[in-house]
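Reader: I am new to this structure and would like a short tour. Could you show it to me first?

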Amino acid sequence: MPDAVVIGAGPNGLVAANLLADEGWSVEVLEEQDEPGGAVRHDKGVDPDFTSDLFSAFYPLAAASPVLARLRLDRHGLRWSHAPRVLAHPVSDGRCAVLGRDLDDTAASLDVFADGDGAAWRDLHDVWERLRPDIVKALFTPFPPVRATARLATRLHAAGGLRLARSLVLPVRRLGEEEFRGEGGRLLLAGNALHADLAPEAAGSGGFGWLMSMLGQTYGFPVPEGGSGALTEALVRRLKERGGVLRCGTRVSRVEVRQGRAVGVWTADGEPVRARRAVLADVSAPALYGGLVDSAHLPAQVLADIRRFEWDFATFKVDWALDGPVPWQAPEAAGAGTVHLADGVDELTRFAAQVAMRQIPDRPFTLFGQMTTADPTRSPEGTESAWAYTHVPHEVRGDAGGEGLSGTWDHKEREVFADRVEQQVERFAPGFRARIRARRILAPSTLQSMNANLHGGAINGGTTAMHQQLVFRPVPGTGRPETPVKHLYLASASAHPGGGVHGAPGANAARAALRGHLARPSLTRVQSLLTRRDRTGDRSAGPGDGERR
């Protein structure tokens, strides 16, 4: 019987399992799919000579995450790679806003839109540099992050106090208008806000757009060398070296609860898997509450609240194998790993409004990834492994493009909308479609079939809007990984701090599980630590070792 059972081998589940194993716990991870990784996987399904990331691809949050840094995944084979430039946002007149690896590069591109906007970007970056240590600590620690928040409050006061706090809760449209004279800086902020489901007019979208932009400025948007799955492979190697067990192709059908305590799980094949100490669930909150955990074991208020849980936008993705580089009209876009495609902030607003009205967009805002530009191992020299994704409503009431799409996403609808995405790319890269060797379409339903946590193609574990963050995530009054069932912990992106590949929800759940047991080590834990030392020859390994290295 393992000390802990972890449901799901996505990045959060694997981080949680690693941290528990570091403390000498025996851990068994159960994964429904035939391979681990959740939304961090790659394959060669588009073309055998091309590596394509199936879901997530760029990892600024992973690069910034102290959780992942402490795991020292470089010792387990992980290597990061960067494109020459982080991000580009071209517009139809040929100008292009650039988020560079170098601050001077970014500032120079914004001065093209309006003199002085480069200096305005530097001012925003100066604020970031003053606040960055405490923002990062507050973002990646359990809620409430008391110490980090106290330090952040002191720094906020020194940096402008209430005026700065006001700026961070502004809609990104308003923040951009207040900080920049031209559209370049506004586009960088607003495009980054729409990496989540935050429209330009949404409260708090300014702070999120600023955060993502500054993460990119500081850490870049790196990619794992060889494919996104290299990050998963490093986590799995590390776990197995510490005695952890991973079982793929094993779907958990329910959590067993006795006298208000989680004691294990049952698989879909009817196999009981007991847990001596804890069950950690890297699944969405709606899948856990009233799904894996029977409603009889949950308070009525939690069940009522989970019915109000809001998903983030659905996602539609296209992967390509290209015979040559993308023929961008703006040459600055050629060296960027990520390219945002919308002709101005107004077009971003129009796109978000169409999704909110449950219409399939006619000119979809497209996040375009140039993976060979970011990592030359992804495809043969002179070619490009590329992808794009955009957002669509979960429930479709109409097609703003006038082609009768209804959201069934059958073969015909997938092909029609993929063509529409390619037409959006063509607006900024004439001749793009002539370079397509092969393509693959991943509609919302396809994404969910490949990863149950991506409900309806939602990729962030629930909306990023303010009403479902912090103490409201996943339901009001929580904000922590503990659940109403003792020894059951929510370890997915549905928990604070939310979506993105950074490992914090998994780490928070592991810390919560450890909290009640670290005070008095059990014989099992001592034996496990001794076995690990004998196996590795590491006489210094001990409790907390995973936090120190």
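Author: The second largest pocket holds about 370 Å³ of space. A pocket here is an open set of points on a 1 Å grid over the protein atoms alone, with protein on both sides within 12 Å along at least five of seven lines. Grid points are joined across faces, edges and corners, and a volume is the space filled by probe spheres set on the points.

Reader: Before we go on, what kind of model is this?

Author: It is a predicted model, in which local features need pLDDT of at least 70 and side-chain atom pairs count only at pLDDT 80 or more, while totals for chains, interfaces and linings use all residues. Residues are numbered from 1 along each chain as its sequence is written, and side-chain values use heavy atoms, with hydrogens and water left out.

Reader: Which residues lie nearest the centre of that second largest pocket?

Author: Glu 310, Trp 311, Phe 313, Val 355 and Ala 356 do, out of 18 lining residues; a lining residue has an atom within 4 Å of a point. Helix H14 (residues 345-356) gives the most to this lining, with five residues. Helices (H or I, at least four residues) and strands (E, at least two) are DSSP runs, numbered from the N terminus.

Reader: How does that lining divide by class?

Author: The lining of the second largest pocket has ten nonpolar, three polar and five charged residues. Ala, Val, Leu, Ile, Met, Phe, Trp, Tyr, Cys and Pro count as nonpolar, Asp, Glu, Lys and Arg as charged, and the others, Gly among them, as polar.

Reader: And what volume does the largest cavity have?

Author: Its volume is about 40 Å³. A cavity is a set of points where a 1.4 Å probe fits but cannot get out. The residues lining the largest cavity include Phe 58, His 82, Arg 85 and Gly 337.

Reader: Phe 58 again, please. Which residues touch the most other members of the largest nonpolar core?

Author: Phe 58, Trp 121 and Trp 210 do, among the 52 residues of that core. Such a core is a set of buried Ala, Val, Leu, Ile, Met, Phe, Trp, Tyr and Cys residues joined through side-chain atoms within 4.5 Å. The largest share, eight residues, comes from helix H5 (residues 117-139). Another core, of 38 residues, lies apart from it and includes Val 27 and Ala 491.

Reader: New topic: which residues of helix H4 are buried?

Author: In H4 (residues 103-113), they are Asp 105, Thr 106, Ala 107, Ser 109, Leu 110 and Phe 113. Buried means under 20% relative accessible area, exposed over 50%, and partly exposed in between (1.4 Å probe, protein chains only). These residues pack against strands E6 (85-90) and E7 (96-100), H5, and helices H9 (183-193) and H10 (205-219).

Reader: What does Gly 184 touch?

Author: Gly 184 lies in H9 and touches Ala 97, Leu 110 and Phe 113, not counting residues up to four places away in sequence. A contact is heavy atoms within 4.5 Å. Gly 184 is buried, with a relative accessible area of 0%.

Reader: And His 89, is it buried or exposed?

Author: His 89, in strand E6, is buried because its relative accessibility is 0%. Its side chain reaches the backbone oxygen of Ala 342 at 2.8 Å. That is a polar contact: a pair of N or O atoms within 3.5 Å, where, within protein, one must be able to donate a hydrogen and the other to accept it, and residues adjacent in sequence count only if both atoms are side-chain atoms.
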